[in-house]
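This report describes side-chain contacts in one protein model, with attention to charge pairing and aromatic rings.

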Amino acid sequence: MMKRTLTIAATALALLLGSTTAIAQQNNLHEQSDGYEWPTEPDVVENLKQWQDLKFGVLLHWGIYAVPGIVESWSICDENWITRDTTRTYQQYLDWYWGLADEFRPTDFDPSQWASACKDAGMKYMIFTTKHHDGFCMFDSQATDYTIAKHAFKDDERRDVLRHVFDAFRQEQFTIGAYFSKPDWHSQYYWWDVYAKKGRNVNYPIEQFPWRWEQFKRFTHRQIGEILSRYGKVDILWLDGGWVWPGRYGQDIDMPALARMARKHQPGLIIVDRTIRGPYENYQTPERAIPEQQLPYPWESCIPLTDDWGYTRNARYKTAGEVIATLIEIVAKGGNLVLGVGPTPEGLINPEATDRLHAIGQWLRKYGKAVYGTTITPHYHEDDIWFTAAKDGTMKYAIYRLDEGQALPQAISWTGNLPQKSIRLVGTGKRLKYTIDGDRITVTLPKNMPQESLAVEIN
């Protein structure tokens, strides 16, 4: 994953380790693909439809970058939007970063706490980082020693972290997703020490060393095979690192063969080869953004709860109201929201996050009927009101989005989407008074309503 601002907290510890800051331009962020190609496999299409009904999920970034509380992986990349403490050389910084594997000892690791907090938030699916671009595996890979199971956490019975995370979320009935980085900056088959680093890409000429690239391809297939064959049912394979593809840089990892292997292990698997339009990008993933208009195919906005994907110190958290407002817009436009949450280096989701997740869940327990399992409606937005519809066509919903700093009005009004029988408050079923003038309806809200977004049924 990318981010707009890369920071190491300005604490004494961080200053000793080497403060990292960066400002990425918009073109550093993953943009969504231009267009969409529906998969041809019937079971994949059916699973996509079920996934679209879920609406709200969590994307858990966790790795060695949590130890100092810095942004995931990117500080070791040498692109010009990244700056580091100039008192150490790049190699010194890189050696320090790789060495975090020997400090990452999450003794309070409690994936059941994660799953409980996410269920409390009303989330229905999860995606967990099995490996980010730095190559550090959060599972017991047999293809490399650079894993949590073979370093500081190796003597803990929970060392095969992925197994425990997946099991905890399955117990809470989550749809299960595995994030996997296609590039691997720790692998000598991708960043070969014979050559200098060249940004995020493979750092040697593939055409001169095809045998080395072939080894990387086998390495990638092997690791994905491990994830999909050893850890129970997986519903989504979420592939990051869209620069690894046969196009501009010629980084072909043979996606057709990889997909065949993946679906042999996991029939009907949803594959998300991010930003690579084609048969293996089963849904689009605009990052930190919401499309301007409705989209008629599967998509998901991935947005972090803080300014960063992983855990960082002194983070600025979005409010529950901000997340709810974002979710309302996304669902009315036909998408899902996956919210980024970063567990602490100790292995917990901290109170600042769980408090917000709980508040989001409280709202969804009231108004989730207007969110989960809904579909789009042609007239989907008017001022502060967003519309969704029941899939069977029997009902529409008007969701009034209360933005930060606003007060709830005494009445809400819109054109079109008029009732045939009644207007009721979602959750309580309370009938609301309304008047219709031509094609405009005005609905009177109950007194003493909480100052929050709300939804009504249009019967």
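A salt bridge is taken here as a side-chain nitrogen of Lys or Arg within 4 Å of a carboxyl oxygen of Asp or Glu. The model is predicted, so local features need pLDDT of at least 70 and side-chain atom pairs count only at pLDDT 80 or more, while totals for chains, interfaces and linings use all residues. Residues are numbered from 1 along each chain as its sequence is written, and side-chain values use heavy atoms, with hydrogens and water left out.

**Salt bridges**

| Salt bridge | Closest N to O |
|---|---|
| Arg158 and Asp156 | 2.8 Å |
| Glu457 and Lys369 | 2.9 Å |

Secondary structure follows DSSP runs numbered from the N terminus: helices (H or I) have at least four residues and strands (E) at least two.

Glu457 is buried at 8% relative accessible area, whereas Lys369 is partly exposed at 45%. Salt bridges with shared partners also join Glu329, Lys333, Arg401 and Asp403 into one network.

**Aromatic pairs**

Rings of Phe, Tyr and Trp (its six-membered ring) pair if their centres lie within 6.5 Å; planes under 30 degrees apart count as stacked, over 60 as edge-to-face and the rest as tilted. The structure holds 36 such aromatic pairs. Trp62 and Trp114 are edge-to-face, at 5.1 Å centre to centre and 90 degrees between the planes. This pair links distant parts of the chain, with Trp62 in the loop between β3 (56-60) and β4 (82-84) and Trp114 in helix α4 (residues 111-120), 52 residues apart. Both Trp62 and Trp114 are buried.

Trp213 and Phe216 form a tilted pair, 5.1 Å centre to centre with 40 degrees between the planes. Both lie in helix α6 (residues 210-230), 3 residues apart, about one turn of the helix.

Technical notes:
Buried means under 20% relative accessible area, exposed over 50%, partly exposed in between (1.4 Å probe, protein chains only).
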